[in-house]
Amino acid sequence: MPIIGIDYDKCSTCGICITTCPRRLFKDEEGDKINFEDPNSMCIRCGHCIARCPEDAVLFEEMGESFEFEEINKSEEIIAFEDMYKFFQVHRSIRRYKKQKIPKEVIQKVFNAMQWAPTGRNMRSETFIIISDKEQLKALSNAIQEVLTNDKAWGWLYGERLANLAKEFEIPVYFDAPHLIIVSSQLSTPIGIQNIANIITYGRLAAHSLGLGTCWNGWTQAGIELNPKIRKLAHIRAKALGAFTIGYPDYTLYRTPPRRLKHVKGL
Ligand SMILES: Cc1cc2nc3c(=O)[nH]c(=O)nc-3n(C[C@H](O)[C@H](O)[C@H](O)COP(=O)(O)O)c2cc1C
């Protein structure tokens with residue numbers, strides 16, 4: 001069990017854990033002592049009871065570490081909106097990479113960031129894979145290019161584009177990026193796919209803050225859907241997946257691309 005009890009030497013019975021827990025697993029039936037009761041293993045390990053207890057009285061195990069820092073309740077001091085907005089404006093899809101591989105400790109930071117993404121019911125059941133071997137990337141790219149080109153709809157959409165990319169790149173589907181990250185999930189429901197999208201978005205934003213470039217690769221997902229055998233080349237078993245290329249960008253922006261901002265109904 002992740003939450004293993006309450007440190008009664010610290011607990012002030014303020015009751016914040018009772019109202020914070022999304023599963024209502026903290027109870028104060030006698031009015032003087034709070035208990036944590038989870039006979040049906042309903043705890044989703046969200047950790048909000050730990051994060052919100054003023055006395056740090058919630059005892060837990062096997063949930064990783066909890067951190068304290070000064071700006072914890074001042075997120076606007078961590079990143080101001082203006083900085084965040086500028087970051088979004090320069091956070092673009094990168095389709096030109098330097099050959100240089102990313103050091104392991106830098107890639108690890110991206111994987112760490114991805115693990116703070118929200119997932120439905122905090123299930124965190126997704127699997128992460130990184131492919132960095134050139135021959136493996138080439139084999140995957142060739143298989144995906146072939147299956148997409150031979151499919152009527154995908155071939156019409158991307159056959160010519162992929163053929164042109166193949167004139168320019170050795171690994172056209174991945175723009176010769178040195179790495180491909182695949183996030184997969186056993187949940188092929190919309191929630192599973194939304195989890196993957198959240199995780200990838202966190203990873204891509206984190207990567208850009210490290211001076212890296214990335215691009216979502218829907219072709220991988222589409223190719224695998226058309227020919228599930230390609231899964232083997234991607235080292236995945238799960239049905240749902242998302243993939244993105246990552247590397248040092250060989251790319252200079254002189255301005256942001258234009259974006260017409262939408263009118264929000266009711267605002
Ligand atoms: C789910 C998803 C799948 C994508 N798949 C591909 C892809 O297979 N190949 C590609 O070159 N770009 C792909 N993109 C990148 C989009 O083309 C890109 O986000 C869009 O053109 C806007 O450019 P920006 O990201 O620089 O703003 C994908 C983006 C998303 C969100």
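Colleague: What does phenylalanine 88 count as, going by its C-beta neighbours inside 10 Å?
Modeller: This is a predicted model, in which local features need pLDDT of at least 70, side-chain atom pairs count only at pLDDT 80 or more, and totals for chains, interfaces and linings use all residues. Residues are numbered from 1 along each chain as its sequence is written. A residue is buried if 20 or more other C-beta atoms, placed from the backbone, lie within 10 Å of its own, exposed if 12 or fewer do, and partly exposed in between. Phenylalanine 88 has 13 C-beta neighbours inside 10 Å, so it counts as partly exposed.

Colleague: How many helices and strands are there in the protein?
Modeller: Helices (H or I, at least four residues) and strands (E, at least two) are DSSP runs, numbered from the N terminus. Helix H4 (residues 81-90), where phenylalanine 88 has its place, is one of them. The totals for the protein are 10 helices and eight strands.

Colleague: How far apart do the C-alpha centres of domain 1 and domain 2 lie?
Modeller: The bounds come from an automatic or database domain assignment, which gives domain 1 (3-60) and domain 2 (81-247). The C-alpha atoms of the protein fill a box of roughly 75 × 45 × 40 Å along the principal axes. Within the protein, the C-alpha centres of the two domains are separated by 39 Å.

Colleague: In helix H5, which residues are buried?
Modeller: Helix H5 covers residues 104-114, and three of its residues are buried. They sit on the same side of H5 because they cover an arc of only 50° around the axis, the arc being that of the directions from the helix axis to the C-beta atoms. The face turned away from that side carries the exposed residues Glu105, Gln108 and Asn112. The buried ones are Ile107, Val110 and Met114.

Colleague: What covers the buried residues of H5, among other things?
Modeller: Two residues are in contact if their C-beta atoms, placed from the backbone, lie within 7 Å. The cover over the buried residues of H5 includes strand S5 (127-131) and helix H8 (190-209).

Colleague: Of the residues in the largest nonpolar core, which touch the most other members?
Modeller: A nonpolar core is a set of buried Ala, Val, Leu, Ile, Met, Phe, Trp, Tyr and Cys residues joined through C-beta atoms within 7 Å. The largest one has 39 residues, and the two that touch the most other members are Ile182 and Leu241.

Colleague: Which element gives the most to this core?
Modeller: H5, helix H6 (134-150), strand S6 (179-185), H8, H9 and strand S8 (240-247) each supply at least two residues of this core. The one that gives the most, with six residues, is H6.

Colleague: Leaving aside neighbours within four places in sequence, what is isoleucine 6 in contact with?
Modeller: Isoleucine 6 is found in strand S1 (residues 3-6). With 21 C-beta neighbours inside 10 Å, isoleucine 6 counts as buried. Beyond four places in sequence, the contacts of isoleucine 6 are Cys11, Ile34, Phe36, Ala57, Val58 and Leu59.

Colleague: Which residues are around the ligand?
Modeller: A residue is near a molecule or strand if its C-beta atom, placed from the backbone, lies within 6 Å of it. Strand S7 (213-216) and helix H9 (218-226) each supply at least two residues of the shell. The shell divides into three nonpolar, three polar and two charged residues, where Ala, Val, Leu, Ile, Met, Phe, Trp, Tyr, Cys and Pro count as nonpolar, Asp, Glu, Lys and Arg as charged, and the others, Gly among them, as polar. The residues around the ligand are Arg92, Ser93, Arg95, Cys215, Trp216, Asn217, Gly218 and Trp219.

Colleague: What is phi of phenylalanine 175 near?
Modeller: Most residues other than glycine have a negative phi. Phenylalanine 175, in the loop between helix H7 (152-168) and S6, counts as buried with 21 C-beta neighbours inside 10 Å. Its phi is positive, in a residue other than glycine, and is near 50°.

Colleague: What does serine 41 count as, buried or exposed?
Modeller: Serine 41 is found in the loop between strand S3 (35-36) and helix H2 (48-52). Its phi is also positive, near 50°. With 8 C-beta neighbours inside 10 Å, serine 41 counts as exposed.
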